[in-house]
Amino acid sequence: MSTYTSTLGGRTHRFDGLARLLAAASPERSGDRLAGLAAESAQARVAARWALADVPLARFLAEPLIPYEDDDVTRLIVDTHDAVAFAPVAGLTVGEFREWLLSDAADASALAALAPGLTPEMTAAVSKLMGNADLVAVARKVRVVTAFRSTIGLPGRIATRLQPNHPTDDPAGVAAALLDGLLLGSGDAVIGINPATDSPKAVRDLLELLDGVIRRYAIPTQSCVLSHVTTSIDLMAAGAPVDLVFQSIAGTQAANASFGVTLGLLDEAYEAARALGRGTVGSNALYFETGQGSALSADAHHGVDQQTVEARAYAVARRYEPLLVNTVVGFIGPEYLYDGRQILRAALEDHFCGKLLGLPMGLDICYTNHADADDDDIATMLTMLGVAGASFVICTPGGDDIMLNYQSASYHDALYLREVLGLRPAPEFEAWLDGIGLLDERGGIRSVAGAAHPLMAIGKELAA
């Protein structure tokens, strides 16, 4: 184990090992404090960053944070590393890598070519030396395009997940939230429901409900019921209309085990989903959610700070060429991200690291009701992530998920973001909105009065 030192203000600070150095260099957050990993003082944090800036990027290949023999995520990272892609930056330190990322040389094509050569730990390390504006500026240069029935991640566009959750999966309640979202131009990334129960029958009922709406109204989007991957595998074998296979994932083998997931199980789901061939413009058929603090909550972090462990989850996601990946930043609670400031920082870090690693990153910009955050924090995060080029955001009716009991962005928030930043929906979905008369001459959403619009039939149909 290497030892890293830095002298600041006449005091020498010592950090034993890369994991300790990365943790000490991390911006303050309650989860690292809870785990006993946070820097002991602001001065120690600055000293750790000075030391981290001088660490060669290649050191992260030579010294895995979690031993190779103990963790299948570490083995995945090491075994799939692309040395040829890494070569252009192989001689840089973390600090020099930061300067390169902010330079004109790091354009979209260079960053796309570099992605297979980066490890999650490299991206996490450099993010700790960057301010919020730096994270936005670099992430904005990266474009990751994926497709199923709609194309996600194109320049000048931002997609939305329409999330019509209901506490009892009541069809009338789902229909109301679904109709609300469609009339406000939401749903081009996915129409995704968190089911109240993971029973195969309940999940299949929801899948068939969404599939019926998508087919009847020829909506160029995909559906997903966010059940456990084993439920999806069984339902695909039984002939259920599964578009996207979902799973929550984390950055260590032990944390994934707490979700009931292995890489072998995800391999099986990947092959089954692609074999169905349900996409029309692409074949990216998996959807992953992640979140800072999940490994700590499972006591599976191996002494690694929560942001770095989160970045390791992106190595898992990258293996399966997903359509969508989002961090549910703020959802796990203030024990891990205490307030709006910490949630914002985590959102920017996660988006930055995911994009650098080649993922189609979106966000659930959210907070729980016992966190020190409010709707103004949602607006700030939404705006900054829109500028940073997020692929998609999750939207709920009125910004309030009545099933999961947390606050998120609303359908109206997505309209705000598209208007002020000049962004548009996915092209296939935009054409559909225009075709059914929902787009005005400026590309905005028209107001719909009364029951005359064809989409109004959705509510009556599903309620019946």
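Predicted model: local features only at pLDDT ≥ 70, side-chain atom pairs only at ≥ 80, totals over all residues.
Helices and strands are DSSP runs, a helix needing at least four residues and a strand at least two, and they are numbered from the N terminus.

## The chain as a whole

Counted in this way, the chain has 22 helices and 15 strands. Its radius of gyration is 22 Å, close to the 23 Å that the globule rule gives for 464 residues, so the chain is as compact as a globular protein of that length. If you follow the C-alpha trace along its principal axes, it spans about 75 × 45 × 45 Å.

How much of the chain counts as buried? The share is 59% of the 464 residues. The accessible surface comes to about 16700 Å², and carbon and sulfur atoms hold 53% of that area. Contacts also reach across the sequence: among those with a separation of 6 or more, 77% are between residues 24 or more positions apart.

## Salt bridges

A search of the whole structure turns up 24 salt bridges. Three of them are set out here.

| Pair | Closest N to O distance |
|---|---|
| Glutamate 430 and arginine 157 | 3.0 Å |
| Aspartate 440 and arginine 442 | 3.5 Å |

Next comes the salt bridge of glutamate 430 with arginine 157. This pair, too, links distant parts of the chain: glutamate 430 sits in helix α21 (residues 427–435) and arginine 157 in the loop between β4 (151–152) and β5 (159–162), 273 residues apart. Glutamate 430 and arginine 157 are both buried.

Arginine 442 has a relative accessible area of 65% and is exposed. Elsewhere, salt bridges with shared partners join Arg149, Asp211, Arg215, Asp243 and Arg278 into one network.

## Aromatic pairs

Two numbers are handy for this part. A pair of aromatic rings is described by the distance of the centres and the angle of the planes.

The structure holds seven aromatic pairs. One of them joins phenylalanine 246 and tyrosine 287 edge-to-face, with 5.4 Å from centre to centre and 70° between the planes. Phenylalanine 246 is part of strand β8 (residues 245–248) and tyrosine 287 part of strand β9 (residues 286–290), so the pair ties together parts that are 41 residues apart in sequence. Phenylalanine 246 is buried, with a relative accessible area of 6%, and tyrosine 287 is buried as well, at 0%.

Which arrangement do the rings of phenylalanine 288 and tyrosine 320 adopt? Their centres are 6.0 Å apart and their planes stand at 55°, so the pair is tilted. This pair links distant parts of the chain, with phenylalanine 288 in strand β9 and tyrosine 320 in the loop between α17 (306–318) and β10 (324–327), 32 residues apart. Both phenylalanine 288 and tyrosine 320 are buried. There is also a cluster, in which ring pairs link Phe246, Tyr287 and Phe392.

## A buried serine and a surface patch

Serine 391 is located in the loop between α19 (375–387) and β12 (392–396). With 2% relative accessibility, serine 391 counts as buried. Which residues does serine 391 touch, leaving aside those up to four places away in sequence? They are Val144, Ile152, Gly153, Ile158, Ala159, Pro360 and Met361.

For a view of the surface, look at tyrosine 416, which is found in helix α20 (residues 411–421). Tyrosine 416 is partly exposed, having a relative accessible area of 33%. Together, Tyr416, Val420 and Leu421 make a nonpolar surface patch of about 230 Å².

Conventions
Residues numbered from 1 in each chain as written. Heavy atoms only, no water. Buried < 20%, exposed > 50% of the residue type's maximum accessible area, 1.4 Å probe, protein only. Contact = heavy atoms within 4.5 Å. Patch = residues over 30% accessible without salt bridge, like charges linked within 9 Å, V, L, I, M, F, W, Y side chains within 5 Å. Areas by Shrake-Rupley, 256 points an atom, 1.4 Å probe, with all protein chains shown as cover. Salt bridge = Lys/Arg side-chain N within 4 Å of Asp/Glu carboxyl O. Rg over C-alpha atoms; globule rule 2.2 N^0.38 Å. Phe/Tyr/Trp six-rings, centres within 6.5 Å; stacked < 30°, edge-to-face > 60°.
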